Amino acid sequence: MRQLKNIRSTLPWRILFFGTDEFSLKILESLNENRLSHSKHKVVDCLHIVHPNVKNPSPVLRYAALSDLSGFEWPTNNIQTNAYDVGVLASFGHLIPKKVIDAFPYGIINVHPSLLPRWRGAAPLHHTVLNGDTTTGISIMSLKPKHFDSGPILKQKNLDVPFNSSVHGLRDFLAVEGGKLIIDVLSNLPECIISEKQQPENGVTYAHKLTLNMSFIDWENQTLDSIDRQYRAIHETTELRTEFNGLTIRLLEMLSPRYSPNIALDSDSPPGKPIFDRASNVLWVRCKDHWAGFMRVVIKKKMTAKEFYNGYLSKGHFSGALFTSKPNNLFNDIYNQWIKEKKPS
C-alpha cells in the first residue's frame, strides 16, 4: 500500500492524464469539464496530458489541442516529482515504469472497462461481446509497473451489457460510466487508496488482441448466435470473412438473428450453402443451426447481395459451391485456454 504521509490531502488535484483513443477521450472530457466547472464538488485543479508520438494525432491529442491542454510526448523523462498529485490513465497501451509512477504522490490510477480480474489486457470490450457476457463494469485501480491491469482495486461499478451492443457502442457506454466513476474516486482519493483491495486470484482472464484469422467463419461449427457475436465484436475494425471457390469474401451488414427470412430455407442444407433472397435482397448462408443474413459483400469491390448473385451465384460453374468453413479458434477449447494464459504461445 502506498504511504500517504506528508503529501497534499485536500482537493482539487493536479492531474496528468495518459490516454489515446475514444475511450480515453471520454475520461479526459469528464476531467476537463470538472476542471472548468465552478461546482463545490470540483476535484480537478490543473490538467495536462501525456500522449504517444504518432504520425496521426489521436482523439486525445486533438481534443487537448482544441481545449488548450498542454502536455508531454511519450516516452518522457520530464515529469518532475510532486509536480502533480496523481496520474490518471485510460487505454494508454504502454507500460509505465516505476520511476514515472513514483513521481506522483498518489501514484497513477487506471480506468479499465471490465470487472477485473476478468478481461485484463488490450481488448476487454471485444472479448466481452465475443463471449456474450451479460454483465460488465468499470474498474478503477492503482497502476503497478511491469504489468497490465493487475494492480489493487480502488473502486468498481457493475453494469449490465446493453442488448445487442457492438464494441464501439459498449465502449461509449462504459466510457461515460468511467468518467463518472473517476470523478467519484478523485472526490475521495486518499480514502480510496487507503482502502484499496488486491485483485482476487480466481476468475482471471486475458483479453488478448484478436488476429485476422479470427475474422473467418466456421460455418460447420458456429451457431447463428456465435456468428452474430463475432460480427458485433469485429465489424467496426475489420469484416467477417469466408472463402468461396478460392476467393476470399468479406461479409458486410449482417442482419440481426431476430430477422426472419422471407423465403423458405431448407434446414437440411449443408453448412456454408449460400442462397439469395430476391424479395429482400439478402444473402443467406447456412451455419450449424440456422441461416445468417448479409446485405453486402466485398470481392475486390463492395457489392450488394443481388450483385453478388448476378456476378457469381447465378453462373453455372458456381452451381452447388459452398462457402468454406475455416476454424477461427474463437468458440472452442483452444480459445478457452488462450484467454487463461498471460503470455500465450
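Trainee: Where does UniProt place the feature "domain: Formyl transferase N-terminal"?

Mentor: The UniProt record, an unreviewed entry, puts that feature at residues 77-186. UniProt positions follow the numbering used here, feature names are shortened, and annotations may be inferred rather than shown by experiment. Before we go on, this is a predicted model: local features need pLDDT of at least 70, side-chain atom pairs count only at pLDDT 80 or more, and totals for chains, interfaces and linings use all residues. Residues are numbered from 1 along each chain as its sequence is written, and side-chain values use heavy atoms, with hydrogens and water left out.

Trainee: What makes up the chain over residues 77-186?

Mentor: That stretch is 28% helix and 24% strand, and its end C-alpha atoms lie 25 Å apart. Helices (H or I, at least four residues) and strands (E, at least two) are DSSP runs, numbered from the N terminus. UniProt also lists "domain: Formyl transferase C-terminal", again from an unreviewed entry, at residues 209-312. Over residues 209-312 the chain is 18% helix and 34% strand, with 34 Å between the end C-alpha atoms.

Trainee: Now the charged pairs. Why is the pair of arginine 14 and aspartate 85 called a salt bridge?

Mentor: A salt bridge is a side-chain nitrogen of Lys or Arg within 4 Å of a carboxyl oxygen of Asp or Glu. Arginine 14 belongs to strand 1 (residues 13-19) and aspartate 85 to the loop between strand 3 (71-74) and strand 4 (86-90), so the pair ties together parts that are 71 residues apart in sequence. A network of salt bridges links Arg8, Arg14 and Asp85, and the structure holds 14 salt bridges.

Trainee: Are arginine 14 and aspartate 85 buried or partly exposed, and how do you know?

Mentor: Buried means under 20% relative accessible area, exposed means over 50%, and partly exposed is in between (1.4 Å probe, protein chains only). Aspartate 85 has 1% relative accessibility, so aspartate 85 counts as buried. Arginine 14 has 22%, so arginine 14 counts as partly exposed.

Trainee: What do the side chains of lysine 155 and aspartate 184 form?

Mentor: They meet in a salt bridge, with 2.5 Å from N to O. Lysine 155 sits in strand 7 (residues 153-160) and aspartate 184 in helix 5 (residues 167-187), so this pair ties together parts 29 residues apart in sequence. With relative accessible areas of 31% for lysine 155 and 28% for aspartate 184, both partners are partly exposed.

Trainee: And what makes glutamate 253 and arginine 296 a link between distant parts of the chain?

Mentor: Their side chains meet in a salt bridge at 3.0 Å, N to O. Glutamate 253 is in strand 9 (residues 247-254) and arginine 296 is in strand 12 (residues 291-299), 43 residues apart. Glutamate 253 is partly exposed at 37%, and arginine 296 is partly exposed at 29%.

Trainee: Let's turn to helices. Why are helix 1 and helix 2 called roughly parallel?

Mentor: Helix 1 (residues 22-36) and helix 2 (residues 59-67) pack at an angle of about 25°, with their axes 8 Å apart. Axes are lines fitted to C-alpha atoms, for helices over the stretch in contact, and angles run from 0 to 180 degrees between N-to-C directions. Angles under 35 degrees count as roughly parallel, over 145 as roughly antiparallel, 65 to 115 as roughly perpendicular and the rest as oblique. Helix 1 and helix 2 are therefore roughly parallel to each other.

Trainee: Which residues of helix 1 and helix 2 meet?

Mentor: Among them are Leu25 and Leu28 in helix 1, and Val60 and Tyr63 in helix 2. Contact here means heavy atoms within 4.5 Å.

Trainee: Which peptide bond is cis, with omega about 0°?

Mentor: That bond joins tryptophan 74 and proline 75, and proline 75 lies in the loop between strand 3 and strand 4. The bond from leucine 116 to proline 117 is also cis, with omega near 15°.
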